[in-house]
Number of protein chains: 2
Amino acid sequence: MRLSEKELISLIKRRLAKSTPSEGTIVGPGDDAAIIAPTPGEALVISTDAVVEDVHFRLEWATGFLLGSKSLLSSISDIFAMGARPQACLVSLGLSSRIDPLFVEDLFEGMLKEAGRLGASIVGGNITRSDKVFIDMTVTGLVAPGAAITRAGAGVGDAIYVTGCLGGAALAAECLFGGRMDKGAVVKTESFLRDDMAEPQGDDAAQIALLSRFFAPPIRAQESLTLAAARICTSMIDISDGIGSDLREVCRESGVGAVIEIDSIPVFDRVPGSAATKKSDMLELAISGGEDYELLFTVRQADELRLHRLFRTNDLCKITKIGRITPSSEGLVFLDKNGRASGGFTGFDHFSKKEEGH
Amino acid sequence: MRLSEKELISLIKRRLAKSTPSEGTIVGPGDDAAIIAPTPGEALVISTDAVVEDVHFRLEWATGFLLGSKSLLSSISDIFAMGARPQACLVSLGLSSRIDPLFVEDLFEGMLKEAGRLGASIVGGNITRSDKVFIDMTVTGLVAPGAAITRAGAGVGDAIYVTGCLGGAALAAECLFGGRMDKGAVVKTESFLRDDMAEPQGDDAAQIALLSRFFAPPIRAQESLTLAAARICTSMIDISDGIGSDLREVCRESGVGAVIEIDSIPVFDRVPGSAATKKSDMLELAISGGEDYELLFTVRQADELRLHRLFRTNDLCKITKIGRITPSSEGLVFLDKNGRASGGFTGFDHFSKKEEGH
């Protein structure tokens with residue numbers, strides 16, 4: 001790299017020193033380890049997630065700012081998926097000698113923007129050489145004991161809900177990796193997310209909306225905290241691998257099955273001309289594509305009215321009921337509009353082929 | 001990879017379920033995030049560190065078990081370097097399709113052995129595809145507020161001490177990367193560290209001693225906790241980049257300079273025939289080589305007697321005084337036995353050339 005590791009670390013430390021540390025930071029970046037004060041009476045939540053060059057992104061079309069944003073958001077999503085508030089982030093970078101220091105500065109700009117918005121601060125990290133760039137981010141959070149929402153509490157009869165809409169991130173990834181959207185559209189998306197451009201119009205607006213699903217997924221912070229405070233969910237997970245895979249995790253951990261009505265799945269619909277896709281392909285992306293970082297959660301039928309009131313009175317995002325929990329003997333079933341188990345979406349094993357995709 | 005990501009995760013979860021969770025683990029591996037209970041009144045310490053294929057190791061000579069051991073120890077070292085007790089580890093793996101599941105099982109065997117010995121447990125992690133293997137480990141710990149030892153407290157006149165001896169890990173790395181020691185010696189080292197062999201003799205014993213410095217660095221757990229409890233150190237750091245670089249960090253953070261007497265530096269001396277090295281080269285490795293994970297710490301002159309008594313009565317490792325803290329205007333100076341500033345070791349900038357090495 002054009003700066004030595006130590007010079008790069010100094011540059012990053014100077015940038016981080018200008019950001020506001022979150023409450024509880026006792027020792028920030030620059031020592032052997034960071035020190036943060038837990039809130040008395042609360043438990044620590046911690047998770048880690050990595051993005052890797054040529055697996056999750058390509059340097060030919062990604063920008064530092066957007067990668068910083070994406071890596072921060074995809075990691076912090078796991079904290080909210082437990083119903084916890086994020087507190088501190090550690091950034092472990094693998095950087096090749098091809099990487100410009102400006103790229104690294106932009107990476108931290110993107111991370112800091114999203115961390116600041118979501119109440120977390122970057123307290124430490126590590127830099128190492130690596131042929132392919134990787135960004136591994138660990139995030140800690142806090143939650144009142146007993147308020148955390150795991151994958152393990154779904155009960156037979158519970159309704160299954162998702163926030164927002166699905167499939168957009170996977171479609172964006174398909175377009176980016178497949179060359180159907182180029183760096184120009186990515187740069188416009190960055191300008192938009194940096195609040196550096198006037199309201200986009202027409203196909204520009206649709207391209208930005210689509211790419212934002214990939215680079216700046218809509219972390220449902222208020223929604224998850226409200227759900228946790230209301231103690232209304234029996235289980236919750238963030239959708240990082242598609243409903244098929246993530247719901248299967250909930251089923252496995254809760255010891256239940258599930259039936260999903262395919263036509264009720266809310267699919268991303270602001271598709272720009274350059275990314276035109278059949279509806280059935282969008283459904284496939286919503287189910288198996290991943291990286292949407294919407295929430296999937298279950299509530300008891302008796303709590304559904306309260307759930308809708310909760311989202312309405314707090315002005316939260318759209319939620320959609322997509323199915324219900326069944327006994328584990330019934331497995332995971334996807335039903336088409338005629339109530340028939342839909343080919344290709346019927347079972348647990350269909351998705352294993354997909355799992356090694358990005 | 002020969003197993004899908006999910007299959008590999010299941011395999012790892014089954015293995016982790018057999019290990020004893022450390023005190024305070026509320027939700028372990030397998031959910032969106034882990035949950036751990038802090039000890040009331042203590043602060044959370046957190047650090048991250050990565051090892052990368054072809055930068056820190058080569059697959060042609062490393063074993064899964066030894067890499068697991070090395071990655072766990074090099075990360076946990078930062079927690080002890082703050083005077084804190086480790087609690088929870090998160091393992092973020094980048095694995096290529098060439099990797100055998102047995103390698104991954106061995107990796108966790110190595111990690112779990114060392115984590116168990118040092119009182120930590122593995123509570124979560126992540127797996128992603130990556131062309132080159134990387135292991136990024138985040139470790140959390142606990143410390144009484146005010147007992148943590150940072151890099152920032154060294155004062156003029158303080159004595160500078162190091163634990164154990166230096167240069168062995170860098171010599172081992174030189175031999176491994178340079179083809180002067182082969183996989184046979186590495187496999188013997190693994191057997192020895194797994195307690196699977198009789199006491200080695202002769203050159204075998206020396207090879208194992210050398211390679212153990214690289215794969216299983218001697219984390220100074222009791223030493224650092226004793227130092228923290230005694231509140232005797234004005235600063236502390238673990239030596240991961242060589243005294244030159246790490247002492248410079250202490251000087252920068254504390255706003256001081258330092259003078260080091262080169263001849264007092266304790267150098268690794270169980271060098272096997274195959275790794276024969278000039279004494280001056282061993283000194284160079286001790287100063288600039290890194291990866292020793294010994295502790296460097298400073299104490300007030302008035303506390304030196306108490307320090308030695310503390311180490312003797314608690315039966316702790318060897319410590320050696322190597323110099324003293326000076327005003328920052330004097331910089332970082334290395335003196336030879338005639339009291340002359342030694343060429344090559346005189347200043348801050350000499351080491352910048354080395355920083356991009358492994």
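Residues are numbered from 1 along each chain as its sequence is written, and chains are lettered from A in the order in which they are written. In this predicted model, local features need pLDDT of at least 70 and side-chain atom pairs count only at pLDDT 80 or more, while totals for chains, interfaces and linings use all residues.

Let's start with B:D238, which sits in strand 8 (residues 233-238) of chain B; strands are DSSP runs of E, at least two residues, and helices are runs of H or I, at least four residues, numbered from the N terminus. B:D238 has 27 other C-beta atoms within 10 Å, so it is buried (20 or more other C-beta atoms within 10 Å of its own, with C-beta atoms placed from the backbone). Leaving aside neighbours within four places in sequence, B:D238 is in contact with residues including A:D32, B:S77 and B:Y293; contact means that C-beta atoms, placed from the backbone, lie within 7 Å.

Finally, visit helix 9 (residues 279-288) of chain A, where the buried residues include A:M282 and A:L285. Among the elements covering the buried residues of helix 9 of chain A are helix 4 (168-177) and helix 8 (243-254) of chain A.

Technical notes:
A residue is buried if 20 or more other C-beta atoms lie within 10 Å of its own, exposed if 12 or fewer, and partly exposed in between; C-beta atoms are placed from the backbone. Two residues are in contact if their C-beta atoms, placed from the backbone, lie within 7 Å.
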